[in-house]
Amino acid sequence: KPSKICSLAFHLLNTLPVCGRKAEPSLCPLPALKCRTGPLDIVFVIDSSRSVRPFEFETMRRFMIDIIGSLDVGPNATRVGVIQYSSQVQNIFSLKTFFTRADMEKAINSIVPLAQGTMTGLAIQYAMNVAFTTQEGARPLHKKIPRIAIIVTDGRPQDRVTEVATQARNAGIEIYAVGIQRADMNSLRAMASPPLEEHVFLVESFELIQQFGKQFQDKLCATDLCNGVDHGCEFKCVSTEGSYRCVCPEGQQLQADGKACSKCGAGHIDLVMVIDGSKSVRPQNFELVKQFVNRIVDLLEVSPHGTRVGLVQYSSRVRTEFPLNKYHSADEIKKAVMEVEYMEKGTMTGLALKHMVEHSFSELEGARPLSHNVPRIGLVFTDGRSQDDISEWARRAKDSGIVMFAVGVGKAVEEELRAIASEPVEQHFSYSADFTTMTHLEGKGETEIRSPCECEALVQFQTNTVAILQSLTEKNILWGDAWACWGAGQPGDRLHTGKRGMDKWDWGKF
């Protein structure tokens, strides 16, 4: 009977994790369902050049409003920003400005077109450098909230788009290119993310863009289907149209269950170690630091497609000893480490962090693009208080997706170590009272040195770092608590130290 059919259809529509499906209107007029999207950061990049006629721009407004109407917007859900461009770029509202559809719709209806040229490359540059920054409301990359740019244009760009679009994609921005009427297909393909058949759209006329908008809503829903199901992926879930699949980090294979990843020898990471070469370290201790670095290298599977290692030394200035793409084996790296010459001047830790963010993790120096999902690890080793401010560049490092570890020795300042370390801070910083324990690398502690890939998480680099430091222990060492997947230690065990008033640190429960 129609009433039962309606009831059943409504039940199915509310349980299926696919948007846009509607029951036959002649049977029962059901309310339109909204997409089951998880958090997204979406920026519309709208062409308002002189070639876009007034009624056509009105259609573009409707397109944006329709898309936003299908999203779950809010500060902890999907955030939306809008920019328009012609010969210049204008921010209409940023990702942090509005958190209700009504406010967004009002702002969109108030847009006055610029009516100049078509500088699409400039608009992409703005989206990458401004619109998708944490200052403008984008969530940090390490939170893995998708960043989506929807570019809508009707013409051929008057500037170059290929290079800047590549940079934007490598920075973790997924680009959809929507062309209307006169849009150049080659330019659309140059801008869009792969696979191109899922990210490039050419709409024959402005009259059809609203109809296309309904299809595009489904595309966005499918893109984020992972957020609406219990996917069980060990590393990352990737949505496809109407479905989803699990993927593994570079160098690891998906297991037969379609969810777990094959375990690696020592994880595939881009690791940059930043070591203190200030005069307070002293030459004999600097040699111990180099031995410490090489013990970490021994734990890693170094290769061009596996783990890459870079080394930076700092004092009053910063020097790249070798970048991530310099050496391709552990033996080469260890030899280069032992040849590093001690700087012996001041302690400019903030300057070192700036150098690491701007240079050490650049693709020019061998870091793999963010889109490859290779974890970026920064390990900062210091023995004293910094002579410059570290807060800004410590924050920028973490906001850019670098997982930061801070290792302090001697007169290192706990407040600075905590500022450098990633969250949870207790799992990303450690302190040793003395350099002299650093040569005793084996048999001195209760914790076995283990490969990070033996842990449940992708790369638990702290396991290696802490295990090394724990195995160095003959004297008092300050530790954080609740370190994941250690090889030894029993529930409830405690370390006792007389340093810095911190007498008892729980290992935590395993």
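This is a predicted model: local features need pLDDT of at least 70, side-chain atom pairs count only at pLDDT 80 or more; totals for chains, interfaces and linings use all residues.
**Exercise 1. The chain as a whole**

*Solution.* Next, turn to the interior, where buried residues account for 53% of the chain's 510 residues. Then list the elements: there are 14 helices and 17 strands. Finally, take the contacts with a separation of 6 or more; 70% of them join residues 24 or more positions apart.

**Exercise 2. A helix pair**

Work out how helices α4 and α5 are oriented towards each other, and describe their contact.

*Solution.* Locate α4 at residues 120-131 and α5 at residues 162-170. Angles under 35 degrees count as roughly parallel, so α4 and α5 are roughly parallel to each other. The crossing of α4 past α5 is left-handed. Now look at the residues that meet: α4 brings Gly121, Ile124, Gln125 and Met128, while α5 brings Val164, Ala165, Gln167 and Ala168. Sorted by class, this contact has 5 nonpolar and 3 polar residues, with no charged ones.

**Exercise 3. Around α12**

Find the buried residues of α12 and what covers them.

*Solution.* Within α12 (residues 391-399), pick out Trp393, Ala394, Ala397, Lys398 and Asp399 as buried. Their cover includes α11 (349-360), β13 (402-409) and α13 (414-420). To finish, step just past α12 to Gly401, whose phi is positive at about 100°.

Methods:
Residues are numbered from 1 along each chain as its sequence is written. Side-chain values use heavy atoms; hydrogens and water are left out. Axes are lines fitted to C-alpha atoms, for helices over the stretch in contact, and angles run from 0 to 180 degrees between N-to-C directions. Helices (H or I, at least four residues) and strands (E, at least two) are DSSP runs, numbered from the N terminus. Angles under 35 degrees count as roughly parallel, over 145 as roughly antiparallel, 65 to 115 as roughly perpendicular and the rest as oblique. A crossing is left-handed if the near helix is turned anticlockwise from the far one by less than a right angle, and right-handed if clockwise. Contact means heavy atoms within 4.5 Å. Ala, Val, Leu, Ile, Met, Phe, Trp, Tyr, Cys and Pro count as nonpolar, Asp, Glu, Lys and Arg as charged, and the others, Gly among them, as polar. Buried means under 20% relative accessible area, exposed over 50%, partly exposed in between (1.4 Å probe, protein chains only).
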